[in-house]
Every structure is written in structure tokens, then in C-alpha cells.
Amino acid sequence: MVKKLSTGDITEARCTRCQEVMNHTIVAMVEEKIVRVQCNTCNSVHNYRSPLAAKKAAAPKAASATKAKGVPRVSRKDPAAGEKQEWAEQIVKMQPELAIAYSMEGKYKVNSLVKHTTFGLGIVKRQSPGKVEMLFADGKKMLKSQ
Ligand SMILES: [Zn+2]
């Protein structure tokens with residue numbers, strides 16, 4: 001048999017401050033019902049709330065997560081907008097007179113400046129065998145290289 005609870009005993013209750021089920025000391029009882037408790041963690045005294053009462057709160061969260069899954073990622077109006085801005089920010093630190101003329105036979109170092117006859121000044125982002133990724137004023141482009 002479980003011992004009957006009385007004032008001063010420890011019981012589990014939902015703490016209004018901790019927002020969690022915590023051990024509480026019973027402060028006041030009306031007959032066999034706990035009415036006021038003190039949280040053993042934060043020491044706040046509040047009306048007794050059953051540890052079982054709070055489960056409902058979790059439901060809307062799960063529902064919105066499911067909803068988000070089905071929604072396709074919204075792309076920006078201009079997908080290259082970020083790249084254009086990146087180019088503008090980086091190009092000011094470069095010295096255009098040091099730009100290397102682009103050629104398909106070239107091999108490029110990352111972050112070096114290249115001048116392309118059509119696209120203008122580009123910053124080398126990635127060099128891999130046979131291709132080079134460059135950032136131009138109107139976005140990233142993959143070009144042939146050595
Ligand atoms: Zn508490």
C-alpha cells in the first residue's frame with residue numbers, strides 16, 4: 001500500500017515556472033487533494049497541477065512539422081542575386097590590372113582574378129581537372145580549363 005500523502009511530503013507536479021514535471025513539496029492539502037506545492041527545483045510556490053495534465057501541448061508542433069515537409073523550398077526571385085552580391089563585394093578587393101586572360105588551356109588558382117572576353121572579370125572559385133568555376137558579375141559559371 002502507498003502511504004497517504006500529507007503536507008511536507010514530496011510529490012511530482014507540473015511546475016508553472018520550470019514548465020516541467022518536477023518534485024514538489026506539498027504545502028497545503030484539502031482533505032486528500034493536494035492544492036499547493038513548492039517546487040524543489042526553483043522554490044516557487046504554486047497551485048498543484050497534475051503531472052499528467054500537460055501532454056496536449058505537444059500536438060500542434062508535430063502537425064506543423066508535417067506540413068512544412070510537403071512545401072517546396074521557395075527560391076529567391078533571382079537565384080543568382082547572392083552570387084552577384086558576392087562578386088561585387090569581392091571584386092573591390094581585387095586588382096583588375098592583374099587579371100589573367102581566360103583561356104581554355106589555362107589552369108587557375110582559387111581566388112585569382114581572370115578576365116573573360118564575354119563575361120568580364122571573374123574570380124576563380126574552384127579549379128578541378130578540365131573545368132574551372134568562376135564567379136562573374138552575373139553569377140557563377142563553369143568554364144573549361146586544363
Ligand atoms: Zn520549478
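The protein has 2 helices and 9 strands, where helices (H or I, at least four residues) and strands (E, at least two) are DSSP runs numbered from the N terminus. This is a predicted model, in which local features need pLDDT of at least 70 and side-chain atom pairs count only at pLDDT 80 or more, while totals for chains, interfaces and linings use all residues. Residues are numbered from 1 along each chain as its sequence is written. Read from the N terminus, the elements follow one another as β-β-β-β-α-α-β-β-β-β-β.

**The sheet of β1 to β4**

- An open sheet is formed by 4 strands in the order β1-β2-β3-β4, with antiparallel pairing; two strands count as paired if DSSP finds at least two bridges between them.
- Because β1 and β4 (45–47) stand at the edges and have a single partner strand each, one side of each is left without a neighbour in the sheet.
- From one strand to the next, the twist averages 50°, with angles running from 0 to 180 degrees between the N-to-C directions of axes, which are lines fitted to C-alpha atoms, for helices over the stretch in contact.
- Strand β1 (residues 10–14) is joined to strand β2 (residues 21–30) by 5 bridges, and Ile-10 has Thr-25 in β2 as its bridge partner.
- The antiparallel strands β2 and β3 are joined by 6 bridges, with Val-30 standing opposite Lys-33 in β3.
- Strand β3 (residues 33–39) pairs with β4 over 3 bridges in the antiparallel sense, and here Val-37 stands opposite His-46 in β4.

**The hairpins of this sheet**

- Between β1 and β2 the hairpin has 6 residues, and Gln-19 takes a positive phi near 60°.
- The hairpin of β2 and β3 has 2 residues between the strands, and in this hairpin Glu-31 takes a positive phi near 55°.
- In the hairpin of β3 and β4 there are 5 residues between the strands, and Asn-43 in the turn has a positive phi of about 70°.

**The sheet of β5 to β9**

- An open sheet of 5 strands runs in the order β5-β6-β7-β8-β9, and its pairing is mixed.
- Its edge strands are β5 (100–101) and β9 (139–144), each of which pairs on one side only.
- Helix α2 (residues 81–91) packs on this sheet and touches β7, β8 (131–136) and β9, its direction making about 85° with that of β8.
- Strand β6 (residues 113–116) and strand β7 (residues 120–128) run antiparallel and are joined by 4 bridges, with Val-114 opposite Gly-122 in β7.

**Burial and cores**

- Of the 146 residues of the protein, 14% count as buried, meaning that 20 or more other C-beta atoms, placed from the backbone, lie within 10 Å of the residue's own.
- The largest nonpolar core has 11 residues, among them Trp-87, Val-114 and Phe-136; such a core is a set of buried Ala, Val, Leu, Ile, Met, Phe, Trp, Tyr and Cys residues joined through C-beta atoms within 7 Å.
- Two or more residues of this core come from each of β6, β7 and β8, and β8 gives the largest share, 4 residues.
- Apart from its neighbours within four places in sequence, Val-114 is in contact with residues including Ala-99, Tyr-108, Val-124 and Met-134, a contact being a pair whose C-beta atoms, placed from the backbone, lie within 7 Å.
- A second, separate core of 5 residues includes Cys-15, Ile-34, Val-37 and Cys-39.

Terms used. Buried ≥ 20, exposed ≤ 12 C-beta atoms within 10 Å, placed from the backbone. Contact = placed C-beta atoms within 7 Å.
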